[in-house]
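Hello,

Here is the structure you will be working with. Please open it first, then read the notes under it.

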Amino acid sequence: MYINYDVIVVGGGHAGCEAALASARMGMQTAMLTMNLDTIAQMSCNPAIGGLAKGQLVREVDALGGEMGKVIDATGIQFRLLNASKGHAVRSPRAQADKRLYQLTMKRRLEEQANISLRQDCVEEIIIHDNGILGLIGKSGTRYRSKAVIITTGTFLNGLIHIGNSQSKGGRSSEPSAEKLSGSLQNLGFKIDRLKTGTPPRLNGSRINYDILQAQDGDENPTVFSFSTKKILRPQIKCYITHTNNITHEIIKSNLDRSPIFTGQIKAVGPRYCPSIEDKITRFPDKDHHQIFLEPEGHDTTEVYCNGISTSIPFDVQEAMIHSIRGLENADITRYGYAIEYDYVPPTQIKPSLEAKDVENIFLAGQINGTSGYEEAAAQGIMAGINAVLKIRGCEPFILDRSEAYIGVLIDDLVTKGTQEPYRMFTSRAEYRLVLRHDNADRRLMRYGYQYGLISSDQWGGLLEKEKNISETREYLERKKNGEDSLLKLLRRPNISFNDLLEVDSDLRARSISVLVQEQVEIEAKYEGYINRQKQQIEKFKKMEKLSLPSHFHYDSIQGLRKEAQQKLARFRPVSLGQASRISGVSPADISILMVYLMSKSKGNTQSAVINNSLSFKPVTTSLSRRL
């Protein structure tokens, strides 16, 4: 006997939460199966949301109707806008979270959401029936059945924890791993590989000498994550900065023979951009110190996260390392750092919709796709949730391209290039980052959230009113003169802000324009030339993306196409000529041959013209666009 649902989400991490909420809010009877209901939305590593490029992802999730931005706004304890002194394209919001409160708040929102059933069970097997319905068997012996399954297992698939030469099975500290699901996925035809990540020790903050450390305050006027949040109301707290030193480095160097990273005990690849402290001191031997951010984990605890010293060295070495650091001489370690190896599914096996290419109705989201970070997971989760529902309804999948969202960049990178190390989002990965700013995510994406029923009519109406105010304000600035120049022309000057215009124009002040509208008008005025140039590049990019390729195209039949290109194209099965052009091993010459082939098959001149125009596509590479 089976328990029936429309959609089953396997896993209760950040991807699973967004996937389940999206599915349920779109009307599907949804189950979340997770090994421990008490750890739903737990922050396994750092107690923070957002950061460079990650903040853009959170705002995009919010614009689509997701929950992460709302929950961090409600539970954050310090908010900062990173890169505030740089161009708008690389600014990103970040917030320290009250770790436990964040988790409980997200869990409560899942519990209160209609159409969601939370069940504590460990999925061990997936069964495919002839009619495409999927069956799942839990460790409890319970049998489940659904029309679509979204797998969001994080680091729990065959997780193996390392501290020194000690190894133990686990998906997270003090939690068991999922031992059988990987084998079931392999039986379904998935290729499985291994990755590694790590976490630093935590300290009892009451034993830290903060008086001698550099304090780091939050912003006086916090930048919110959710477009529905009016103001941050909770009090903010300080973080602190300290550094490793030569003594710290000597302690670690003298014990590298006990580090599982260097003994060969850990075989999987770890994150290049978030290395362990052992990696840092060996890769950068000339650097005599490394920065450590001491980040409180909440208002109701003294526990502190040591951001910057992720490690898997033995217990005694961690003790000596901590006590060698300024301000931490008398600190107590509450939890030791550790490394964890886990199974993942190389993401070239999934479609841009996040559905598996070869197993219908199974979607993958989060670290199982090789990503690293809560934000990357949440972004995949909401997309998988939406697409699972659309698949059940027989609708076309929802796919964001690289010109529309960081989410589009993230998913396109995964399915087109794959990853052999934990993937982390950066602003540099986005070619069109000047138009993919965190401040305009609502204007870019909220229409999709509204279309799929994840954004309320009130929110949608608020965006329409905002757009109207932006348009009217710009028109006013264009026609209103100050001397010989219009106010809009004055605003384009580097040393003039919208506030300056308010001081000189009483009629403008009388309009009572919101700060958010002022911000959008000012950004678009100052960067107008560069934004227009990027939009032209986007138009050419979209033409390439519109040239679709069949999923089972016979590339070996195209004369002149190199063998490597034939093999890569057959393996990756790109959905468009644009995606094909981004596959490693497929050269511009190969793309030209594909274009010629498509032109020869075209019945009219329209597609030929599109192809010819697409040949001139080049990304913007001016020094100013790189700086932006």
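Asp412 is buried, at a relative accessible area of 10%; buried means under 20%, exposed over 50% and partly exposed in between, with a 1.4 Å probe and protein chains only. Its side chain forms a salt bridge with Arg402 (2.8 Å, N to O), a term for a side-chain nitrogen of Lys or Arg within 4 Å of a carboxyl oxygen of Asp or Glu. Asp412 sits in helix 11 (residues 406–417) and Arg402 in the loop between helix 10 (374–393) and helix 11, 10 residues apart. Helices (H or I, at least four residues) and strands (E, at least two) are DSSP runs numbered from the N terminus. Arg402 is buried too, at 3%. Both belong to a salt-bridge network that also includes Asp413, Lys417, Glu431, Glu545 and Arg582.

This is a predicted model, where local features need pLDDT of at least 70 and side-chain atom pairs pLDDT 80 or more, while totals for chains, interfaces and linings use all residues. Residues are numbered from 1 along each chain as its sequence is written, and side-chain values use heavy atoms, without hydrogens and water.

The structure holds 51 salt bridges. Another of them joins Arg573 and Asp358 (2.8 Å, N to O). Arg573 is in the loop between helix 19 (563–572) and helix 20 (577–581), and Asp358 in the loop between strand 21 and strand 22, so the pair ties together parts 215 residues apart in sequence. Asp358 is exposed, at 62%.

The loop between strand 21 (338–344) and strand 22 (362–364) also holds Leu354, whose phi is positive, near 75°. Leu354 is buried, at 0%.

Regards
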